[in-house]
Amino acid sequence: MPAVAVICGSRSDLPTLKGCFDVLDSYGISWEASVISAHRQADALHAYVTEAEAAGARLFIGAAGLAAHLPGVLASLTAKPVIGIPLDGGSLGGADALYAVVQMPPGVPVATVAIGSAGAKNAGHLAARVLALNDADLAARVAAFREEQAGAAELRIDPRA
Ligand code: RP5
């Protein structure tokens, strides 16, 4: 079983998740992705999470749009960390999914990232930081990415030039 299990509610969500998959790959983190709807396939979702956790999944990422209950249901089914990605799939521009994912009741936490593709990328980075707590090699790769990002953003303007 890969370290990270990514679950989304529809095949239509997959293109938005590409950034998440790419970021996980960039850190060398193993992952697998599944399309399982919390609303349409509740029993299958329960079975998948139970089996994935037993098989060694260390972190779950859930992504869904509209009335996005998937990440919250994941958090109800596992004691592993759950990252939620609200997706922009409807007339409310993703605000519906954001509220559904972020407004979890106490005791059932979902670490919610931004709406859409930016959030998908950050889900990968956040997963890396969580997994790096117990993985020195991964921690070094996270640190290297931070340095690389800082270098790319660096801008100095010399007024005498
Ligand atoms: C959500 O409803 C899915 O995550 C998707 O974002 C949205 C639309 O789903 P489909 O109509 O494409 O199945 O459950």
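Mentor: Contact means that heavy atoms lie within 4.5 Å. The model discussed here is predicted: local features need pLDDT of at least 70, side-chain atom pairs count only at pLDDT 80 or more, and totals for chains, interfaces and linings use all residues. Residues are numbered from 1 along each chain as its sequence is written, and side-chain values use heavy atoms, with hydrogens and water left out.

Trainee: How many helices and strands does the chain have?

Mentor: Helices (H or I, at least four residues) and strands (E, at least two) are DSSP runs, numbered from the N terminus. This chain has six helices and five strands. Their order from the N terminus is β-α-β-α-β-α-β-α-β-α-α.

Trainee: Which residues of helix α1 are buried?

Mentor: Buried means under 20% relative accessible area, exposed over 50%, and partly exposed in between (1.4 Å probe, protein chains only). In α1, residues 18-26, the buried ones are G19, C20, F21, V23 and L24. Across the chain, 39% of the 161 residues count as buried.

Trainee: Against which elements do the buried residues of α1 pack?

Mentor: They pack against the strands β1 (4-8), β2 (31-35) and β3 (59-65), and against helix α5 (116-132). Just after α1, G28 takes a positive phi of about 75°.

Trainee: How much of the contact in the chain links residues 24 or more positions apart?

Mentor: Among contacts with a separation of 6 or more, such pairs account for 66%.

Trainee: What does the C-alpha trace span along its principal axes?

Mentor: The span is about 65 × 40 × 30 Å.
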